[in-house]
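Okay, thanks for coming, everyone.

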Amino acid sequence: MNYLSVEKLTKSFDERVLFKDLTLGIGQGEKVALVGLNGSGKSTLLKIMAGIDEPDSGTVAAGNSVKLAYVGQQPEFDPDLSIIDAVLASDDPVTKMIRDYENELIRSGQGIDNTEALTLLIDQIEKNNAWNYENKLKEVLGKLGIHNLDKKISACSGGQKKRIGLAKVLIEQPDLVILDEPTNHLDLEAIEWLEGYISTSNMALIMVTHDRYFLDNVTNSILELDNQTLYRYNGNYAYYLEKKQERQSIAQAEKDKAINLYKKELDWMRRQPKARGTKAKYRIDAFGDLKEKAHKDLSQSGVTLSTKERRQGGKILELDHISKSYDGKEVIKGFSYIFKRGDRIGIVGKNGSGKSTLLNVLTNTLIPETGEVVLGQTTKIGYYEQSEPTFKSGQKVIEIVQEIAEVVNMADGSDVSASKFLTFFNFSVKAQHDYVNKLSGGEKRRLQLLLVLIQNPNFLVLDEPTNDLDLDTLRVLEGFLAEFKGCVVIVSHDRYIKDRLVDQLFILESEKNIKNYFGNYTDYRAERETMISSETKVKTKGKEVKKKTSAKKLSYGEKREFEQLEQDIEALTEKKKELEEQLNSGETDHELLTKWGVELKGIEESLDEKETRWLELAEMQDN
């Protein structure tokens with residue numbers, strides 16, 4: 001079943017054509033990633049598909065009764081609403097009932113006597129079998145780190161609004177969801193939960209994301225928006241890269257052939273008299289198409305980052321028993337570390353744990369309350385901040401760069417102009433003389449990165465550098481960082497970049513102590529999961545011992561039922577694991593994916609029932 005159809009879609013901004021005559025369809029169960037360079041029109045295309053923006057020409061049509069939802073990069077809500085009212089803003093009777101119940105719970109927590117209202121709502125929820133909805137609401141809000149449900153939207157940050165938007169969509173369970181950078185502003189645990197939730201759900205999906213692990217684990221198809229055209233790849237990220245390279249090689253060969261033919265046809269055009277026959281007219285018409293092919297821009301982003309490296313002395317940077325509070329909450333306590341040459345450190349912690357605070361202390365943007373930050377004489381810090389870049393109104397791109405440097409020293413000893421350096425970052429000569437307010441969010445981020453690197457730092461501090469950068473720019477940035485000889489400290493929710501670039505982690509935990517872990521993020525997660533698994537086994541073993549010592553308290557039939565339940569739970573758990581692996585295998589058959597999703601949902605419901613009964617029997621044994 002086709003959920004959404006796009007026919008011959010064209011969109012321009014001023015004289016710039018974003019895309020032309022795009023046609024695509026999204027079917028039931030399909031999960032699609034949309035990729036492309038910053039400024040290519042990805043977010044605009046999503047908005048048009050969601051009905052928020054209008055195309056210059058073409059049509060977008062959703063299937064009959066298809067429920068569609070959209071979460072943009074910066075969701076907007078009524079600022080006067082509370083979080084719970086924003087999440088559950090719906091005319092659906094069950095949703096309204098749960099919203100009223102949550103608001104009454106908030107009032108009860110404030111000391112208001114509303115027992116009668118709560119009792120009435122509890123009765124209504126029970127009659128409508130709506131407790132599953134309530135449980136799902138709590139799970140989604142908790143996993144996305146949304147608390148203080150009575151907090152006003154006006155008091156929420158941009159990141160909090162993004163998570164509220166995601167929660168609203170997941171709770172509504174649309175048939176098709178359109179997401180623009182869903183992993184931005186989420187911590188790693190929330191990303192991994194969202195990844196599992198979406199990949200096993202039945203809803204169709206199209207999203208823009210730069211997170212390659214998320215892309216690989218969630219989607220089964222990739223759409224690339226390139227040179228105003230859409231290309232489809234049915235496979236994972238590695239398959240996309242391979243096939244894209246093949247496509248580009250073919251396109252380059254076709255262009256070379258067109259250039260040779262164009263030269264001959266141009267000579268013929270110049271030699272022909274004004275009066276021409278029918279054949280000549282046909283040849284003239286074909287000349288226009290040939291000219292377009294021969295002059296098609298096939299240049300890639302190719303951001304070549306090879307700036308001259310600054311010498312680094314013996315003392316680089318020392319943190320001596322630093323402590324720092326934020327909004328009255330102590331987030332760093334007595335932390336010390338002496339940086340060594342070549343340190344490549346990733347910082348891991350939940351949102352609000354103090355990651356950005358640590359970077360601000362490290363760069364002397366914030367002064368610690370206790371302790372000292374000692375900077376080496378030859379250490380030059382380049383700080384790429386998470387906050388949205390701001391530029392002077394009315395400035396042109398080239399003027400912003402020239403304020404810092406007219407000439408840039410390259411790694412090979414050569415000097416290049418600021419304009420030439422901008423072309424390395426995929427800013428054309430025309431784009432360099434555009435006003436900065438015309439840039440997309442991703443293009444502004446790319447310019448922000450350029451302004452950090454143009455100063456030749458030997459100590460890079462990067463706070464969420466992957467946010468809003470396109471995949472091509474990310475690959476080149478990673479290549480540069482892999483060869484960078486100075487120190488790198490990075491906060492990022494992108495697991496791929498942490499696995500490739502860091503060999504040491506600072507773990508920020510709730511007790512305010514920063515732990516040092518030697519290894520990358522995948523190493524850390526594997527070790528942590530092993531530890532959690534061991535603790536679970538110990539608890540399970542304790543339950544089994546208790547069960548064996550009190551089995552006589554059950555009747556013969558109940559003992560048989562108890563034993564059968566254990567076997568059933570084990571078999572269902574194994575089947576659930578198999579289905580989850582199948583759903584994440586990259587299979588593109590939508591009917592099969594839907595079948596597996598329905599089967600998985602049935603198994604999960606059966607598991608819930610059997611585990612509940614097992615607990616009832618286990619409790620009878622304990623009495």
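Predicted model: local features only at pLDDT ≥ 70, side-chain atom pairs only at ≥ 80, totals over all residues.

Let's start with H5 (residues 131-143) and H6 (residues 158-172), two helices whose axes come within 10 Å and cross at roughly 150 degrees. Helices here are DSSP runs of H or I with at least four residues, strands are E runs of at least two, and both are numbered from the N terminus. The axes are lines fitted to C-alpha atoms, for helices over the stretch in contact, with angles from 0 to 180 degrees between N-to-C directions. Because over 145 degrees counts as roughly antiparallel (under 35 is roughly parallel, 65 to 115 roughly perpendicular, the rest oblique), H5 is roughly antiparallel to H6.

Who's touching whom? On the H5 side, Tyr-133, Lys-136, Leu-137, Val-140 and Leu-141; on the H6 side, Ala-167, Leu-170 and Ile-171. Contact means heavy atoms within 4.5 Å. That splits into seven nonpolar, no polar and one charged, where Ala, Val, Leu, Ile, Met, Phe, Trp, Tyr, Cys and Pro are nonpolar, Asp, Glu, Lys and Arg charged, and the others, Gly among them, polar.

Residues are numbered from 1 along each chain as its sequence is written, and side-chain values use heavy atoms, without hydrogens or water. Mean pLDDT, the predictor's confidence per residue from 0 to 100, is 82 for the protein chain, with 83% of residues at 70 or more.

Next pair: H3 (residues 93-109) packs with H4 (residues 115-127) at about 150 degrees, axes 10 Å apart. So H3 is roughly antiparallel to H4, but this crossing is left-handed.

Now, is Tyr-237 buried or exposed? Buried, at 6% relative accessible area (the cut-offs are under 20% for buried, over 50% for exposed, partly exposed in between, with a 1.4 Å probe and protein chains only). Tyr-237 sits in H9 (residues 237-271), and among the residues it touches are Arg-212, Asp-216 and Arg-475.

Last one: Asn-184, in the loop between strand E6 and helix H7, is buried too, at 4%. Its contacts include Lys-162, His-210 and His-493.

Methods
Left-handed = near helix turned anticlockwise from the far one by under 90°. Lists of a residue's contacts leave out its neighbours within four places in sequence.
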